[in-house]
Amino acid sequence: MLSGSYHPGSLFLFRRNDDDTFAAGEELKGLDGQPLNVGAAAHVSAADWTGDGRLDLVIGNIQGEVFLIPHTGSDEPLSFGEARPMEAAGSPVRVGPDAGPHVVDWNGDGKLDLLVGDGGGAVHFYRNVGEEGAPKLARPETLLPGGGAMVSESNGPAPKVPWGTRLKLHAADWNDDGKLDLLVGDFAMTAKQRDVTPEQKKRHEALSREYQEVIQRYSQLAAKAETGLSEEERKEQASVMERLTALSREMQSLNPVTYEYAGNVWVFLRE
C-alpha cells in the first residue's frame, strides 16, 4: 500500500505480510538517498505511465501541482528518478489547491488518462492523446464541478454542490455494468457559534498572533523540504509541528466558533 503524507509530503510504502497484515511504513527515497518529496499534502497514484512495464509515481501537492516520478528502468522495483511536472496541452498540470491525482484508462481506449480532484471540490479529466510509451495529455475536461464549501455555517446558505472539498478519487466499476464509476472522498466543516468570556477572547487573540509567526517558519521549512533538510532543520521542523499542534488545540478550546468535521465517500455512477 502506498500513501502520501501531509507534512512534509514524504511517500510511504506499507508492505503486506504473509498474514495480510502490513509492515511499518517505509519512506521512499530517490537515487540520491533523499526522501521523494514534491511538497506538502502529497497524494500518490502508482501506474506504468511510461509504458516500460514498471510502476511510476504520479503525485499531487497542496499547491495543486501534479508531478511524475518515473521509475529508472532498473531491476530494482523501488528505483525512482527525478520528479518532473506533468503537462497538458503544453502547460503544467495545475488545479485548485490540494491536487489528488488518479491514473486510470477513463475512456477505455487502452491508454492511461489522468483524473485529478482538487481543493475546491472539482474533478478534472485529462485525456491521453499520445501514443503507447509516449503519453500526452489534452486540455482538461470537468467531470464534477466545484463549489463545495470548505466551511459552511450551520444556519447559512447551502453550498453549490452537496459534496465537500479536497477530493480524492478512485475509479472502479461500482455497479458491475461494465463502465468505470467514480468513488470520491471529501472533507467538510460546519461552523457553529458559541459564547466566550472577554478573557478567553483575549487569550485566543494572543495565541492567534503566535500561530501566525510559527506558521511562517513552518512554511519556510516545508518549502525547503522539497530540496532536502539538514538534520538540525528536521529537528526544528518536528519542534515547529509540535508547537503548531499545541497552539491549534488551545485555540480550538477558546474559539468562539466551533467546527464539526466530516469526511464522506460519494459514488458517481457512469451513465
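**Entry 1: burial and overall layout**

I am working with a predicted model, in which local features need pLDDT of at least 70 and side-chain atom pairs count only at pLDDT 80 or more, while totals for chains, interfaces and linings use all residues. Residues are numbered from 1 along each chain as its sequence is written, and side-chain values use heavy atoms, with hydrogens and water left out.

With that settled, I noted that 38% of the 271 residues of the protein count as buried. I then looked up the extent of the C-alpha trace, which spans about 65 × 50 × 45 Å along its principal axes. For the secondary structure I found 2 helices and 18 strands, where helices (H or I, at least four residues) and strands (E, at least two) are DSSP runs numbered from the N terminus.

**Entry 2: the two helices**

How do helix 1 and helix 2 run relative to each other? Two packed helices are described by the angle between their axes and the distance between the axes. I read that helix 1 covers residues 198-224 and helix 2 covers residues 231-254, and that their axes come within 9 Å and cross at roughly 155 degrees. The axes are lines fitted to C-alpha atoms, for helices over the stretch in contact, and the angles run from 0 to 180 degrees between N-to-C directions. Helix 1 and helix 2 are therefore roughly antiparallel to each other, since angles over 145 degrees count as roughly antiparallel, under 35 as roughly parallel, 65 to 115 as roughly perpendicular and the rest as oblique.

I also wrote down that helix 1 passes helix 2 in a left-handed crossing, a term used if the near helix is turned anticlockwise from the far one by less than a right angle, clockwise being right-handed.

**Entry 3: salt bridges**

Side chains of opposite charge can pair when their charged atoms come close.

Arg-203 is partly exposed at 38% relative accessible area, and Glu-250 is partly exposed at 30%.

Next I looked up Glu-141 and Arg-127, whose closest N and O atoms are 3.1 Å apart in a salt bridge. This pair links distant parts of the chain, 14 residues apart, with Glu-141 in strand 13 (residues 141-144) and Arg-127 in the loop between strand 12 (123-126) and strand 13. Glu-141 is partly exposed at 34% relative accessibility, and Arg-127 is partly exposed at 28%.

I then turned to Asp-75 and Arg-54, which meet in a salt bridge at 3.8 Å, N to O. Asp-75 sits in the loop between strand 6 (66-69) and strand 7 (84-85), and Arg-54 in the loop between strand 4 (43-47) and strand 5 (56-60), 21 residues apart. Asp-75 is exposed, with a relative accessible area of 76%, whereas Arg-54 is partly exposed at 26%.

**Entry 4: backbone details**

Where does Pro-8 lie? I found Pro-8 in the loop between strand 1 (2-3) and strand 2 (12-13), and the peptide bond from His-7 to Pro-8 is cis, with omega near 5 degrees.

Ala-41 is not a glycine, yet its phi is positive, at about 55 degrees. Ala-41 lies in the loop between strand 3 (26-27) and strand 4, and it counts as buried at 9% relative accessibility. Asp-98, another residue other than glycine, has a positive phi near 75 degrees. Asp-98 lies in the loop between strand 9 (91-92) and strand 10 (100-104), and it counts as buried at 8% relative accessibility.

Last, I looked up Gly-60, which lies in strand 5 and counts as buried at 0% relative accessibility.

Technical notes
Salt bridge = Lys/Arg side-chain N within 4 Å of Asp/Glu carboxyl O. Buried < 20%, exposed > 50% of the residue type's maximum accessible area, 1.4 Å probe, protein only.
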